[in-house]
Amino acid sequence: MTLSLILAAIWAVLANVLAMLPSKDNHWRRAYMLIALGVPILGYVTYQNGPWIGLFVLLAGMSMLRWPVIYAARWFGRTFGGRAQ
């Protein structure tokens, strides 16, 4: 197992532990921290193991941080989607 996959596994365990702890802001600060840590790890995984493993790790991370992904998709839809008239 490569170092990048070990880091990704540690990130996943950290995300699950942080989700179990109570939070006053619905875990948003922790989500931002996990995103900031996860993006470089995702790049490292993709660099070391190839795009298919990187895609798998991306999907795993998106499943854990689904609300930031949902809100980002809604924002992109409002900003760039536009309705044809």
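# Aromatic pairs, helices and pockets

Reader: Hi! How many aromatic pairs turn up in a search of the whole structure?

Author: Six aromatic pairs are found. A pair here is two rings of Phe, Tyr or Trp (its six-membered ring) with centres within 6.5 Å; planes under 30 degrees apart are called stacked, over 60 edge-to-face, and the rest tilted. This is a predicted model, where local features need pLDDT of at least 70, side-chain atom pairs count only at pLDDT 80 or more, and totals for chains, interfaces and linings use all residues. Residues are numbered from 1 along each chain as its sequence is written, and side-chain values use heavy atoms, with hydrogens and water left out.

Reader: Good to know. What's the geometry of the W28 and Y32 pair?

Author: W28 and Y32 make a tilted pair, with 6.0 Å centre to centre and 40° between the planes. The two residues are about one helical turn apart, because they sit four residues apart in helix α2. Helices are DSSP runs (H or I, at least four residues), numbered from the N terminus.

Reader: And is W28 buried, exposed or partly exposed? Which is Y32?

Author: W28 is partly exposed at 25% relative accessibility, while Y32 is exposed at 53%. The scale calls a residue buried under 20% relative accessible area, exposed over 50% and partly exposed in between, using a 1.4 Å probe and protein chains only.

Reader: What about W28 and Y71, how are their rings set?

Author: That pair is tilted too, with 40° between the planes and 5.5 Å centre to centre. Y71 is partly exposed, as its relative accessible area is 42%.

Reader: So which residues make up the aromatic cluster?

Author: W28, Y32, W67 and Y71 together form one aromatic cluster.

Reader: Staying with α2, what's its reach from first C-alpha to last?

Author: The 22 residues of α2 reach 30 Å between the first and last C-alpha, close to the 32 Å expected at 1.5 Å a residue. That expected span is 1.5 Å times one less than the number of residues.

Reader: Where's the kink in α2?

Author: At G38, shortly before the proline P40, with a bend of about 25°. The bend is the angle between axes fitted to the seven residues ending at a position and the seven starting there.

Reader: Is G38 buried or exposed?

Author: G38 counts as buried because its relative accessible area is 18%. The buried residues of α2 are A31, L34, G38, I41 and V45.

Reader: Changing topic: how much space is in the largest pocket?

Author: About 450 Å³. A pocket is an open set of points on a 1 Å grid over the protein atoms alone, where a 1.4 Å probe fits and protein lies on both sides within 12 Å along at least five of seven lines; lining residues have an atom within 4 Å of a point. Points are joined across faces, edges and corners, and the volume is the space filled by probe spheres set on them.

Reader: Which residues lie nearest the centre of the largest pocket?

Author: W11, V57, L58, A60 and G61 do, out of 22 lining residues. The elements that give two or more residues to this lining are α1 (3-20), α2 (28-49), α3 (51-64) and α4 (66-81). Helix α3 gives the largest share, eight residues.

Reader: How does the lining of the largest pocket split by class?

Author: The lining has 20 nonpolar, two polar and no charged residues. Ala, Val, Leu, Ile, Met, Phe, Trp, Tyr, Cys and Pro count as nonpolar, Asp, Glu, Lys and Arg as charged, and the others, Gly among them, as polar.

Reader: And what's the volume of the second largest pocket?

Author: About 380 Å³. The second largest pocket is lined by 16 residues, and N26, H27, A31, M64 and L65 are the closest to its centre. Its lining divides into eleven nonpolar, three polar and two charged residues.

Reader: Where do N26 and H27 sit?

Author: N26 lies in the loop between α1 and α2, and H27 is found in that loop as well. N26 is exposed, as its relative accessible area is 60%, whereas H27 is partly exposed at 27%.

Reader: What is phi for N26 and for H27?

Author: Phi of N26 is positive, about 55°, although N26 is not a glycine. For H27, phi is near 70°, again a positive value in a residue other than glycine. Most residues other than glycine have a negative phi.
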